[in-house]
Every structure is written in C-alpha cells, then in structure tokens.
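The structure is shown first.

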Amino acid sequence: MFRAAFKGVFANKMRLSLTAFAIVIGVAFVAASFVFTDTVSARFDALLETTTTGVDVYVRPAQLADGDVWQNTEVGSIPEDTIASVLATPGVRTAEGGVAGFAQLVNKEGDAIGGQGPPTLGYSWAIDASMSPVTIKDGNGRGPEIPGEIVIDANSAQANDLAVGDTIAVLTIGAPEEFTIVGIASFGESDSLAGATLAMFELGEAQRLFDLEGQFSAISVAAEPGVTPEELAADISTTMNGDIEAVTAEQSNDEQLDVISEGLGFLNIALLAFAAVAVFVGAFIISNTFRIIVAQRTRELALLRAVGATAKQVTWMVVVEALIVGFVASVIGIGVGVLLAIGLAAAMNAFGFNMPEGPLTLLPRTVIVGMTVGLVVTIVSALLPARKAARVPPVAAMREELARPQRRSLHVRAVTGSVTVGVGIAALLIGLFTSVSGDIWFVAIGALVFFLGVSIIAPLAADPVAAVLGWPLPKMFGVAGQLAQDNTRRQPRRTASTASALMIGVALVVFVAVFGASIKSSVSSSVTDSFPGDFSAQSTNFAVGVSPAFTEEVRALTEIGDVSTVKIGVALVEGESTSIIAVDPTTIDTVTSLDVSPGAYEALEETNGVLVVESLLDENAWSIGDSVTIEYPQNPGGPTEIVGTIASENFGNYVITESAYIVGFSNPTDYLVFANSVDGVAIADARAAIDGVAAEYPNVKVQNKSELVADAEMQIDQMLVFFTGLLFLAIIIAVLGITNTLALAIIERTREIGLLRAVGMVRRQVRRMIRWEAVIIALFGAVMGVGVGLFLGWAVVRALAESGLGLFAVPVSQIVVLVLLAALAGMIAAIYPSWKASRLNVLEAIAYE
Amino acid sequence: MLEALLSTEAAARIRGGTKIYGGGDAEIRALDDISADFKRGQFTAIMGPSGSGKSTLLHTLAGLDDLTEGSVYIGETELGTLKDRDLTILRREQVGFVFQAFNLIPTLNAAENILLPLSIAGSKPDQEWYDTVVGAVGLSDRLDHRPSELSGGQQQRVAAARALVSKPEIVFADEPSGNLDSVASGELLDFMRTAVREFDQTIVMVTHDPIAASYADRIIFLDDGDVVDEMIDPTPDSILEQMKHLGA
C-alpha cells in the first residue's frame, strides 16, 4: 500500500507540486520568523557580551513597578556620590559612573542622522577602557577629554563621510551645539549596534547635555578576581536604599535583548500571521487537489478494492500520499524560510537597522514546528478526500456510472454553512464589541470560522453566480465562451472551493483597504476638527520629542502669537501602563479645539487633576470627582482627582497638566508644538519665520494643517502597502490553486477537448475557453472576497468607533482595481493549463481513458 | 485525364500513403503505400482484421493524424501542407466525425451538440438543412436533452446529425455502432444510409461488423496497411464469405 502511495505521488507530481507550493510558502514564513528572531537574539547576545566584557555589575536606579513600561525613555538617575559606597563594598575592584541620554548627530548637509528606527544614543566616555562598551578603532583618534569633543560610532562616520577633526552639530534635549570629532569607535568587532547612532562626550559635558548634573545613569562595576557577579550584585544591593539596585551585566544584557526582541515582535507577528493566512489558503488548495485526484482515480481505487484492499488501506494510501507531499514541501519550506530570513536581515540592513555579523541560527525547535505545521495542515486537508476514497465501492472498477462523483444534497451544506457563518460572525462580534478577555482571539478565530462558513455555502452560490458573471461570454466568444461558463457550473463544489482560496486573500486585502481608508478619513477629519492652529511641529525622531529650546525660540518670534505644547509619557494608572498626555490648560484652547467637558481646563489648572476619556469613564464606572491612582516614573504620584472629560481618544486616555508632567517625567521634550501666527501677519511670513528656527533643529518637522493630514495619511499608506504586499502573496497562492484546478480539470476533460478539436475548434478557441473559465472562477472568488472583506472592515471600524475611528469609508476605486486584478490573475492562472489543453494531441485525447 | 476525372469525383483520396509508428525494432508500418479514392455520394465501409491499419487510414484521411509518406486530399486540398489552424478549420468545414463513444459535450444539449461545429465557426446554420437532418435522425423531441439524458443510440444519432449539419465534403465514422445493441445500431446505420442516398452525403465508416458494413455501398478490405480487396453493394453473407476468404 505504501508503494502504491509513493507511485501515486510520482504519477501526480506536477499537480502535487503546485499544491505543495502553498505549504512551502506557509512553512517558509513560520521558519523565517523563528530563524530571524533566533538569529537576531543570538547575534545581539554575542555583541552585547563583547560590549560588557569588563563589567560585572551595573548599579542603576531601581526599576519601578512595571519594569518594561519606562524602558529607555524614562531611565532615571542616581546621585553621583553613590559611587563612594559602591567602591567601599568588599569585592569591588573598580567602578565608574556614566550618563546616558538622547543625542542625535547632524550630517554635513544639515540633516539629522537616523532617528526613524534604531535609537540615537548619547553616552559619557568611560575613563577605564575595560569598562567601555566601545573601543576607538585603530588609528581613529582618542576618547573625548574636554567639553566640546565627541566620539561617534564608525557606522555613522562612514555613512556620512565624517572623520576625526571634523566639526559636527548634535541635537540634544537642549539647543543644538557643535562638537569636534576626536575619535571613531566600534562595538567590539562591529561598527554598529543595530544601526543605532552613538555620540560620546566627556563625563561633565555629557551630564550637562543630558541635564543630569551631579547624577549618574548607572555605575559600571568590575569585581575582584574570585567574586562572582551575582554575589557582588547582592552585596552592593544591601548597601543601597530602595531607589537604587545592582544587577549583573548578564541580567542587564538579557533586559536589553528583551527590548530588541520586543522591537522585532511586530515583524514576528506579521510573519506568523501571514504564515497562518498562507497555510489556511493552502489548506483549501490541498483539499481541493486531493479531492480531484481521488475523483479521477476512482477506477484505480475501485480496482484496488476489488483485488482485496480494505477501505482502511485505501484511506491510508491517500493519507500517506499527503504525508509524502507534506514532508517534502515542509523540508523545502524550511529551506526557503532560511533564505527568507537572510533576505529579511538584508532588508533590515537596507532600512538602517544594522544587524551584527554572525552565523544564522536554525534551532531544532524551528524545524520541529515548521515540519509539524506543514504535515498537519497537509494531512488534515487530505483527510476528507481520503475518506471519500475509501467509500468507492469495488464495483466502480467495472461500472462507469458508479465511478462518477455522486451529487450529494446541497441542503445539508446550506445548513452547516449557515451555522458556521453564524458562529464565525458571533465570535467576531463578541471579540469586537464586548470587553471579553482574549478578544483578539475571538476576532481571529471568528474570522477564520466565518471564512470556512462562506466557503461551505459557496458551492450553492457557484452556479447562479457563474451564470451571472459568465453571462456576456457566449455573446462575446460564442461557443468557447458558453463552454467556459458551463464548465464553471458543472462542478459547483470545485469551482467554489477554488474560488474560496482566492476569496480569503481578496477579503483580507479589501479589509485592509477599508480599514486604511476609514483610518485616513477619521484621522483627517479629526485633525481638521481638533487643530484649528496654523502650525504644528513634531520630532522626526521616534524616541524623543521636540527640544524645549526650539519651542522657546518659536515663542520669541514676533510673527508667532499663541504657542502651546503637548507632552506625552507612559504612566501607571490604577496599576495599568498607559500613555498620558500633558497640556498647559491656560493656552491649549488657543491652538486646539478638543471636545472637553465644560470648564475642564480651568478645573485642571486649579486642582492639578486629570481629564479622562469619556469611554473609559463609562467602562470603569468612574465619575467626575472620583480619584484615580497615577504612578509616574520619576515620582510615586498618588490619587488624582478626575476633574473633567475629553471626548476623543486620538491623543491619549488621560490628560494632566504640564506642571504635573515635569515632576513625574524626566523627558522634557514636547510631543507636539502648536503655534498660531499673529493677526495681521501673512501666513507665509509666519511660516518663513518658524521654518527659520526649525532649520537649526533638523529633527523638527513644521507642518501646516494640510501637511499634517497628508503626513498622517502617508504613514497610514506605508503600513497599508506593507500589509497589502504580504497579502498579495496569499492571492498568488490562490491563483496557483486556480491553475491547479484547471490543470486537473483538463486532464478530466481530455476527451472532451479532443472532440472539440476534432470537430473544428482551433487552439486559440480552446485557450479562450479555459482562460474565461479561470476568469469566472477568479471573479467569483473576488466577489465573495469583496463582500466578506467589506463586512469585516465594517465590523472592525464600528467596533473601534469609540477609539476615534468613526468613519466607515469604502475605497471604491481600489476595490474595483482589485476585482479587475483578480480577473487578470485568473487569466494568468490559465496560461499554463490553456496552453497545455490547446496542445493536446487530438487523436490521443479522443482515445484517452 | 482519368486522374483528373477521378479527382473531381472523389471527396477524399489517399495516394501512396505510408504511416510508420515507432522506430528500429519497434517499427510498425500501419499503412504501407496505400492508395484509395472515396467518391462523392457514396457510403464506404473499411474492414479488416485488427492491426490492418483501418483506423489509421480513417484518421489520416480525416486530418487527425499525418502520414509518414504520401498525400491525402479532402476535395482538392492536400492536407500535408496545412498548418494546425488551417487543418482545424478544414475539419470544421469539410469533415464530419462520428466516434465510437464520447461524441458529445456533456454540458451542451442535443441541439447545441448538433450545431457545435457551426457554433465554433461562428456561422449560422442552414435552417432548412438542419430541420431535414434533425427530422431524419428522429430526435425532434429530444433536442433540449443533455447527453446524460439520452440513450446510447440517441447519443450516436446526435453525433451523426452533428457530423452532417455543416454539409461537409465527407463524414468519417469510427465504429459508430460499436457500443450499440442491434436495434439502436440499425437506426443509426439507416440514418447514415439515408443521408448518403437521399441527401447526397459522403460517408466513410470503419467497422468490423459485417451487418454494419452491409449498409454501405462499397467495402474496401485492408490488411497489413494496404487495400487487399473491394466489394460493391455488399450483403452480410457476401461480406462474411469474403472475410473467410481473406482470413484463409
């Protein structure tokens, strides 16, 4: 029986390899996701280890309750004199304090270097070279010794043609300043730390620049020989008060690795989500292929039964075939996944996230998961066809009519399909509209079940839909058109399941398009409504806002009148980390028109309380006058009175005063700066004045309202392009499914095509017939996909209405283009099958069994 | 002179036709320098033992297969020089086919199947001729039925009607009654003979059944890829006699 299975695979290698493609893609994405993450961690692990070789323990500010919340932006500091007690601790060989902060380099053209991805880091220079994370590259100068000197990383130097002796402007939280490059540094062997830019200054200078006079960000400690880092960390900790902690370098590295992995988490989730889509679409194609193959081999299977094979053996034969296909495809998939991971690393490098050099990491876990996914999906997809194979009666070997597929009632299908759709929609709506825990899973699984349900019902729709879609064909192409239409209608199940694979991809693309269009229209309307001001300024640096020095200069301009700023930070409200914004209640109303409760700003100013978004108020059954506990990174905070509400969630859930912010957070930069021109000054003149200031701050972007909207829309578009690009791969898989179905159908219809050729159908007509059959299938899938996608988009947009995504927008032209593309994809899918059909030898085709 | 006269009378002819399959030791000479004419308005049966080359002869005459050597003419057209497209159009316009089985497109009804060659060509049927053929074949009340709703005999008669509907130069039939019982077979062959006698059509039929062959005006006997005998106005008995003779 196993030999029969192997022979079955080889006899069907063409059709099975098309099937296998879907598995290859799915497994490849799973493998790529793991390989990439593992490789990144391993390489960074190695890199971080080399940068901390001389350090055993770090003494640093204690992390507050939720350690991850304030990572990087709110690290805090410890008093300089802490070092005395550290040095006094037995087992400490040496210790040195340093500061870290934000410093962004400006290149010779006056543009800010980096900042839109990897961090722009500033450090003080360690006097003890063994404690320094970096080393001066041979022949590239020395460390900074006096104020005004800077060492930069080799990667930034090389990319921007900077050398020792050059003068360079540096942006910090204060006004920009110029420094002389005295050295170029590398991290161990690597020129770059994941593309981060690095600026290092003499300690006192760094403390001044980062606004940390008399403070250290951390103290690096080296242990005496024979003292383990763990012992030393424990010993130092006992001498410190609760605000300061000592951790081993290893632990600190692990934390950094976690941050890096978290940063890559988005990519990881995207890859795995896509793998899921590919595998799901693939399951349809596999199931379809096996079903057709079983149908075509009914006689052969019956013969096996007739000569003594049991039903179980026949089932096993099909399952083993699936196993072989799944195995081969998974192995190839893992290989492709490794290549994909390499490509991904190259792409990351191209975008400036420099990966450290090092080997690729392929863990056994990756292989096991990849193989399992591939095998399980293939076998599960083949199970139903396999059971069908087992039901072939032995007598079918002799009697043609029994060998034909029996038409089963569609009533059962209508019921199961409707129930499945109902369950899917219910789960979806529960996930979207109720605050049940794990709602994202409700949505994901609900969507999946919904897709399944639609695909179960689809055969019922196949016949009428094909009749409508194919209606013009007989008029356009005569009998070739009529046959194209008829052929899509003769096996509704096959047409439907082929189209269903495409439906999924199209539905997801439509969903993303609807979601994007809705966000865009919501964003532009909320920006237009909320910001009546003339200008806004924000930082192009992901990590840091606009320097207060910029804001002061703008305030000083005679052309500019009202100026108000918004700051943003992450705090713990009632124990949950959430972003919180700070405004100046006396001026914010002059540049924004946020929908707040009457007198809210005045109350905020008076009480130093907090404004809460309306929806949260309802959700938590809070009311004005209640208190919420807010814990800030830089101070313990405490109960804060709710003094008003804000309608829109566009900003953040909580609004506090700027004065409360300054006590609670160390980051003094502005998230947004709004400014109005003075009455009587031409907008263009005001713009010129503010642009003049911004020229000194290359990381500040000044925009008027329409630019702000355009900018927001462009960012949304970029995300859409990324997701749509990934989802198009799902469509390509589905298109291969169409190719596969048609290729199999042509084998079934060999005699028919031979007959048509014999009675005078020219090759072009044969190709046309198959091409239009493919187009109908593709359009059927696209139409279902558009429907399902619109529904999903509508549901999600409605669900997010209270998060400020109120407007449901349908990008009609995009959807029309997508449907046309689907038709075109159908034509492309038909190229190979139609060519093959038109090349059939007429005589052999007629004689074909 | 005689050649010219013959050619105008012949709907199809083969000259020095040789067909070799395979090569080396496996070489099979299916047709061996065969020449034959098929006159207009005549019903010709081709008989011969298995492997005598009768099917190959039919296929090469019909332009479904090509000759290794020699030439085939449908009317005045030499098939060997035609490209696939022209050959296909020639089949559509000047040749009709009836195969042993699977003659019809399952998704089309009887009427659509009959009109298939015309539909493919995008041309209108000659309504009078269509009615004549459909009437003669006795299927007027079955025209909207799908093939799966027709009996085997009815299916073959639909095929025969389809072969005739475009008024072809010649119709080729390959064991058309091979799968039918004697009643259905008789109905089909009657119709074919009627088509020749009354409507002046030309039919060439391969068969191994003496009764079927007896409907023909003329029989040519093949063996080893060449014509070995010919019989005019055969009867079942005379055919059997001749077959015995050839077999011996």
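A residue counts as buried if 20 or more other C-beta atoms lie within 10 Å of its own, as exposed if 12 or fewer do, and as partly exposed in between, with C-beta atoms placed from the backbone. With 11 C-beta neighbours inside 10 Å, A:E574 is therefore exposed. The model is predicted: local features need pLDDT of at least 70 and side-chain atom pairs count only at pLDDT 80 or more, while totals for chains, interfaces and linings use all residues. Residues are numbered from 1 along each chain as its sequence is written, and chains are lettered from A and ligands numbered from 1 in the order in which they are written.

**Chain A overall**

- Chain A holds 26 helices and 23 strands; helices (H or I, at least four residues) and strands (E, at least two) are DSSP runs, numbered from the N terminus.
- The C-alpha trace of chain A spans about 95 × 70 × 50 Å along its principal axes.
- Chain A has 849 residues, of which 51% count as buried.
- Two residues are in contact if their C-beta atoms, placed from the backbone, lie within 7 Å. Among contacts in chain A between residues at least 6 apart in sequence, 84% join residues at least 24 apart.

**Nonpolar core**

- A nonpolar core is a set of buried Ala, Val, Leu, Ile, Met, Phe, Trp, Tyr and Cys residues joined through C-beta atoms within 7 Å.
- The largest such core has 343 residues, and those with the most contacts inside it are A:V57, A:I150, A:V221, A:A278, A:V281, A:V506 and A:A778.
- Helix α2 (residues 13-51) of chain A gives the most to this core, with 20 residues.
- Leaving aside residues up to four places away in sequence, A:A778 touches A:L502, A:I738, A:A822, A:A823, A:A825, A:G826 and A:A829.

**Helix pairs in chain A**

- Axes are lines fitted to C-alpha atoms, for helices over the stretch in contact, and angles run from 0 to 180 degrees between N-to-C directions.
- A crossing is left-handed if the near helix is turned anticlockwise from the far one by less than a right angle, and right-handed if clockwise.
- For residue classes, Ala, Val, Leu, Ile, Met, Phe, Trp, Tyr, Cys and Pro count as nonpolar, Asp, Glu, Lys and Arg as charged, and the others, Gly among them, as polar.
- The axes of α7 (residues 249-296) and α10 (residues 364-390) of chain A come within 8 Å and cross at roughly 35°. The crossing of α7(A) and α10(A) is right-handed.
- Residues making this contact include A:G282, A:I286 and A:F290 of α7(A) and A:V377, A:S381 and A:L384 of α10(A). By class, the contact of α7(A) with α10(A) has 11 nonpolar, 4 polar and 2 charged residues.
- The axes of α13 (residues 439-469) and α24 (residues 763-799) of chain A come within 9 Å and cross at roughly 135°.
- Angles under 35 degrees count as roughly parallel, over 145 as roughly antiparallel, 65 to 115 as roughly perpendicular and the rest as oblique. α13(A) and α24(A) are therefore oblique to each other.
- The crossing of α13(A) with α24(A) is right-handed. Among the residues in contact are A:V454, A:A458 and A:V465 of α13(A) and A:F780, A:V783 and A:M784 of α24(A). The contact comprises 14 nonpolar, no polar and no charged residues.

**Interface of chains A and B**

- On the two sides, 21 residues of chain B are in contact with 20 residues of chain A.
- α3 (84-94) and α5 (116-121) of chain B are the elements giving two or more residues to the chain B side. α3(B) gives the most, with 6 residues.
- The chain B side has 10 nonpolar, 6 polar and 5 charged residues.
- The buried residues of α3(B) are B:L87, B:T88, B:L90, B:R91 and B:R92. They pack against α23 (750-758) of chain A together with β4 (69-74), β5 (77-78), β6 (95-98) and α5 of chain B.

**Single residues**

- A:E574 is in the loop between β16 (560-573) and β17 (576-583) of chain A. A:E574 touches A:V628 and A:T629, not counting residues up to four places away in sequence.
- B:K167, not a glycine, has a positive phi of about 45°. B:K167 lies in the loop between α7 and β7 (170-174) of chain B.
- B:D224 also has a positive phi, near 50°, and is in the loop between β9 (218-223) and β10 (226-232) of chain B. B:D224 is partly exposed, with 15 C-beta neighbours inside 10 Å.
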